[in-house]
Amino acid sequence: MKTLVTGSTGHFGPGLVRELINRGHEVVLMGTGEPLPEFSALQWVSGNINSAEDCMRAMKGMGFDAVHNAAAMPDPTDIPPFKGHDDPAVFPIGMQTNIIGLYNMLEAARRCGVEIFVNTGSNCALGHGYRITDRPFELKYLPIDEDHPSDAEDSYSLSKLLGESLLEKYSRVYGMRCYSLRPAVILNAECRKRWKAETAPTAEWDEWLMAWTSGEDLASAHCMLMEQARSIVPFGCYYCINDDTVKTEPTMDIIKTYRPDLIPLIREPLPGHTSLFSSKRLKAAIGWEPIKSWRG
């Protein structure tokens with residue numbers, strides 16, 4: 001399949017490009033800077049997703065089967081402690097990129113006849129991290145799945161949640177096949193080695209709920225959604241999280257020590273280092289299974 005990829009120079013993007021190439025797909029890159037040296041032979045379109053004109057120019061007449069949108073601002077830009085939160089030239093950038101940028105890409109894809117759109121979202125759409133108020137995030141049940149209510153407060157989490165609504169609209173109204181993946185913190189091979197070497201014993205509850213996603217497994221999910229898009233439901237948002245936690249201690253030991261109040265909320269067993277997020281819906285949809293681990 002012929003696909004356009006944004007964000008190819010970011011933390012996750014290079015791994016996605018490698019996976020697409022390894023699976024035999026034709027890849028064209030779009031970005032504000034030149035591709036990484038290893039991708040210098042690929043076609044590259046200079047452009048910013050915040051520019052609708054750039055998005056149209058990247059897709060018009062190219063005959064793409066799919067778009068993989070991995071370009072995004074990865075953190076809130078309008079709250080402390082993030083640099084620039086008081087600067088009006090900076091604080092709107094997160095929402096502009098993650099909402100208007102996504103809209104620009106979707107609208108260009110629609111106008112240029114691209115049927116399949118796969119977006120890198122975030123588990124932050126749940127709203128459990130980057131809390132602004134003193135009101136804690138309320139867990140309704142464990143493990144968390146896509147039906148769990150969201151309570152996003154910060155701009156980044158909200159942008160990821162609203163982005164899913166944009167994707168649903170383009171599927172429902174225009175007949176595109178649109179998908180968003182909800183990874184946790186993305187650990188590539190180098191990050192996993194560092195994590196294993198530096199991880200300390202648990203000393204407090206983790207508001208990020210101990211979740212992680214390997215870059216390679218996220219890339220395979222992107223590809224599998226694209227490859228199977230015409231045989232599955234036309235819209236979906238899926239947690240894409242590895243089956244274990246980032247902690248050395250068993251999951252239930254951590255819950256019993258730091259959050260025993262959560263025990264009545266557990267709806268199915270959490271043996272060993274089982275994640276508090278369920279990726280069962282993604283697994284059922286496309287047969288995805290995470291294969292990487294930071295432990296071995």
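**Cysteines and aromatic contacts**

C240 is buried, at 0% relative accessibility (buried is under 20% relative accessible area, exposed over 50%, partly exposed in between; 1.4 Å probe, protein chains only). The model is predicted: local features need pLDDT of at least 70 and side-chain atom pairs pLDDT 80 or more, while totals for chains, interfaces and linings use all residues. Residues are numbered from 1 along each chain as its sequence is written, and side-chain values use heavy atoms, without hydrogens or water.

The structure holds zero disulfides (cysteine sulfur pairs within 2.5 Å). C191 is buried too, at 13%. Its closest cysteine sulfur, in C240, is 16 Å away, too far for a bond. C240 is likewise in no disulfide; the nearest cysteine sulfur, that of C223, lies at 11 Å.

Five aromatic pairs are present (Phe, Tyr or six-membered Trp ring centres within 6.5 Å; planes under 30 degrees apart are stacked, over 60 edge-to-face, the rest tilted). F82 and Y130 pair edge-to-face, with centres 5.7 Å apart and planes at 75 degrees. This pair links distant parts of the chain, 48 residues apart. F82 is partly exposed, at 22%, whereas Y130 is buried, at 17%.

Y239 and F277 form a tilted pair, at 5.1 Å and 55 degrees. Parts 38 residues apart in sequence are tied together by this contact. Y239 is buried, at 0%. F277 is also buried, at 4%.

Charges sit over two rings (NZ of Lys or CZ of Arg within 6 Å of the ring centre and within 35 degrees of its normal). R182 lies over the face of Y239, at 5.0 Å from the ring centre. R259 has its charged end over W205, 5.6 Å from the centre of the ring.

Definitions and conventions:
Helix = DSSP H or I, 4+ residues; strand = E, 2+ residues; numbered from the N terminus.
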